[in-house]
Amino acid sequence: MHITVCVSQQKPEPWQQGLQAAFPEATVSVWQPGAPAADFAVVWAPPQAFFDQQPRLKAAFNTGAGVDALLALRIPEATRIVRLDDAGMSVQMAEFACHAVIRHFRELDGYEADVAERRWTYRKPRARADFPVGVMGLGVLGERVARALTVFEFPVHGWSRTPKAIEGVTTHAGEAQLDAFLSQCRVLINLLPLTPDTENILNRRTLGLLRPGGYVINLARGAHLVDADLLALLDEGHLAGATLDVFRTEPLPADHGFWKHPKITVTPHTSARTLRDESIAQIARKIAALQRGEAVAGEVDRRRGY
């Protein structure tokens, strides 16, 4: 068995070493142009040349949850695409999302601004019932976020393409229920996969359906959000603010309006990072299962885009 590693923007050697330890009898290499054909690949943002030169791959394992960039490439139909289905990311996403919600709800951003000016202030406590939170996308990450928010006794709603049942969460499904879902939310967290159907889904119309004083938290992909529409709704006062962790261009250009907008908190795509050791262990288990002819979780349906 030959496993090849092609992880742009990451050091490939630790991935190679971890997989070699898991499969001591296999050949595990870092991919270079012209390298021999492999059976399995571990990838992040590989070039098109990688798949052009690896026609016999049984499976390509993406080292993240989102596969939109990978699906933009020409990949042989016989090559399965498998994403990470957790590997330590869901708990990170839950803590980040809860922090963003609580920071807004408790007006901690306002206190931070006051403290910076040495002002000792007080704000009247707000009722959780007035801050229903909606989670768009109820996959592994979205479900973990929705469950975590119920612990803090917020009303929690969830929306997904197909029906889901989550204890303590009011769930909605399909295009027919999207508007009703949005109209019940004051805080909106986006964790959808990026597909042709979800690109630009956070726009003037949909964000305008949120309750007045709405707050937007985008943790999925920058292309879900129409930047100009968010800025307009913030300036008009319909939205109270936003926490944005993902952007159409990353790093976020220095002249982008998000940087200095007083109602926007920017973080550098850090809500949930790939944990290498946990990811290697998961990928190794899945390779072993595929070798035994078994099905594995996280296999991507190319028609759906996730």
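## Two domains

In this predicted model, the C-alpha centres of domain 1 and domain 2 lie 32 Å apart. Domain 1 is made of two stretches, 2-87 and 274-292, and domain 2 covers 89-266. Where the domains meet, domain 1 puts eleven residues into the contact. Domain 2 puts in seven residues.

## Nonpolar cores

What holds the most contacts inside the largest nonpolar core? The answer is Val145, Leu149 and Ile189, in a core of 51 residues. Helix α4, residues 89-105, gives the largest share, nine residues. Domain 1 and domain 2 both give residues to this core, so it lies between them. In soluble globular proteins, nonpolar side chains tend to be buried together.

Take a look at one member. Valine 145 touches Met93, Ala94, Ala97, Val135, Ile189 and Leu191, leaving aside residues up to four places away in sequence. A second core is separate and has 25 residues. Among them are Trp159, Leu192, Val216 and Leu233.

## Salt bridges across the chain

How many salt bridges does a search of the whole structure find? It finds 17. One of them joins the side chains of glutamate 77 and arginine 302, at 3.9 Å from N to O. This pair links distant parts of the chain, 225 residues apart. Glutamate 77 sits in the loop between α3 (68-71) and β5 (80-83), while arginine 302 is in the segment after α10 (276-291). Are these two partners buried or exposed? Glutamate 77 has 69% relative accessibility, so it counts as exposed, because the cut-off for exposed is over 50%. Arginine 302, at 28%, counts as partly exposed.

Lysine 286 pairs with aspartate 85 in another salt bridge, and their closest N and O atoms are 3.0 Å apart. Lysine 286 lies in helix α10 and aspartate 85 in the loop between β5 and α4, so the bridge ties together parts 201 residues apart in sequence. Lysine 286 has a relative accessible area of 8%. Buried means under 20%, so lysine 286 is buried.

Aspartate 301 is partly exposed, at 21% relative accessible area. Arginine 304 is partly exposed too, at 37%.

Some salt bridges share partners. In this way Glu107, Asp114, Arg119, Arg123 and Arg126 are joined into one network.

## A buried threonine

Threonine 79 is in the loop between α3 and β5. Is threonine 79 buried or exposed? Its relative accessible area is 1%, so threonine 79 is buried. Threonine 79 touches Leu57, Lys58, Ala59, Ala60 and Arg302, not counting residues up to four places away in sequence. Arg302 is also the salt-bridge partner of glutamate 77.

## Cavity and pocket

The count comes to one cavity of 30 Å³ or more. The largest cavity holds about 30 Å³ of space. Which residues line the largest cavity? They are Asn218, Gly222, Leu225, Asp227, Val246, Phe247, Arg248 and Phe258.

The second largest pocket has a volume of about 240 Å³. It is lined by 15 residues, and the closest to its centre are His104, Asp109, Tyr215, Ala240 and Pro262.

Most residues other than glycine have a negative phi, and most peptide bonds are trans. Where does this chain depart from that? The peptide bond from glutamate 250 to proline 251 is cis, with omega near 0 degrees. Proline 251 is in the loop between β11 and β12.

Asparagine 200 is not a glycine, yet it has a positive phi of about 65 degrees. Asparagine 200 lies in the loop between β9 (187-190) and α8 (204-208). At 29% relative accessibility, asparagine 200 is partly exposed. Histidine 269 has a positive phi as well, near 50 degrees. Histidine 269 is found in the loop between β12 and α10. Its relative accessibility is 30%, so histidine 269 counts as partly exposed.

Terms used. Residues numbered from 1 in each chain as written. Predicted model: local features only at pLDDT ≥ 70, side-chain atom pairs only at ≥ 80, totals over all residues. Heavy atoms only, no water. Core = buried A, V, L, I, M, F, W, Y, C linked by side-chain atoms within 4.5 Å. Buried < 20%, exposed > 50% of the residue type's maximum accessible area, 1.4 Å probe, protein only. Helix = DSSP H or I, 4+ residues; strand = E, 2+ residues; numbered from the N terminus. Domains from an automatic or database assignment. Contact = heavy atoms within 4.5 Å. Salt bridge = Lys/Arg side-chain N within 4 Å of Asp/Glu carboxyl O. 1 Å grid on protein atoms, 1.4 Å probe; cavity = no way out; pocket = protein on both sides within 12 Å on 5 of 7 lines; lining within 4 Å. Points joined across faces, edges and corners; volume = space filled by probe spheres on them.
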